[in-house]
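Dear colleague,

I am passing on the structure below, together with some notes on what was found in it. Please read the notes alongside the model.

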Amino acid sequence: MDDTRLYLPILLGTVRQGRETEKVARLLLDRVGRHPEIRTELFDPREMVLPMDDEGQSLKFENPAWRNAVMQADGLILVSPEYNHGYPGSLKRALDVLLTEYVHRAVGLVGVSAGGFGGARALEKLVGVVRELGLMVTFTDLNVSNVGSLFDEAGALTDPSFDKRLDRFLTELVWVARTLRWGRQNLPSAYDQRLSKLQAEWDAHMARRPG
Ligand SMILES: Cc1cc2nc3c(=O)[nH]c(=O)nc-3n(C[C@H](O)[C@H](O)[C@H](O)COP(=O)(O)O)c2cc1C
């Protein structure tokens, strides 16, 4: 088995003031960060350059940290609240900054809601989006229901099943991410040439960039 840790960055899926989903993303940052096979880091769309008068890959060069993270990633963990049975536009806008960079990487979906469905309806809709990006989605989502009472007053987790469910989520994500890492390293793909071209364009753009 490959003995180097997998890199699985976490993307928080909302910019809302008072967002409860941030608490889940930070809990995951802590838990996943302590997993022996994974290194991770948290990305927040509030800290990305996502102006309201542009969309898509033209914003890639304004978001080098996210671009470089995705290029190095073995997979992603998307943490999305449910807004009107969908995922927030801010999550989609952050994802849309890149395209081929995502191809043949794993993705695990975490849904968060105030109600009892753990963001399940948002995650179902997100599956079609990540598929279009070339990400390979696992079938073991992590659903966080009743997020307002996830922690008690002392800051302890109130859901005794959380860690077991997280473990199931991560076990599958690690398997898929490791399998895809092997595939990227050992099997030629129709996307290799496109990725090399994107890398060359990136390097040329960065070399031209003033100081
Ligand atoms: C615009 C909006 C729409 C929402 N729609 C739903 C919904 O369809 N289903 C649901 O369970 N909760 C819904 N909620 C409540 C969120 O699940 C709740 O705010 C939860 O804390 C997670 O979102 P947050 O990170 O923004 O706090 C909605 C919240 C907002 C702001």
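The notes that follow go from the overall fold to one helix and then to the ligand.

This is a predicted model, in which local features need pLDDT of at least 70 and side-chain atom pairs count only at pLDDT 80 or more, while totals for chains, interfaces and linings use all residues. Residues are numbered from 1 along each chain as its sequence is written.

The protein has six helices and eight strands, where helices (H or I, at least four residues) and strands (E, at least two) are DSSP runs numbered from the N terminus. Along the sequence their order is β-β-α-β-β-α-β-α-β-α-β-β-α-α. Of the 211 residues, 34% are buried, meaning that 20 or more other C-beta atoms, placed from the backbone, lie within 10 Å of the residue's own.

Helix H4 covers residues 120–132 and bends by about 30 degrees at Leu 126, the bend being the angle between axes fitted to the seven residues ending there and the seven starting there. Its buried residues are Ala 122, Leu 123, Leu 126 and Val 130, and they pack against strands S5 (75–81), S6 (106–112) and S7 (136–137), with contact taken as C-beta atoms, placed from the backbone, within 7 Å. After H4 comes Gly 134, which has a positive phi near 85 degrees.

Around the ligand there are 16 residues, of which the closest are Glu 20, Thr 21, Pro 81, Ser 113 and Gly 115; a residue counts here if its C-beta atom, placed from the backbone, lies within 6 Å of the molecule.

Best regards

Notes: Buried ≥ 20, exposed ≤ 12 C-beta atoms within 10 Å, placed from the backbone. Expected span 1.5 Å × (residues − 1). Contact = placed C-beta atoms within 7 Å.
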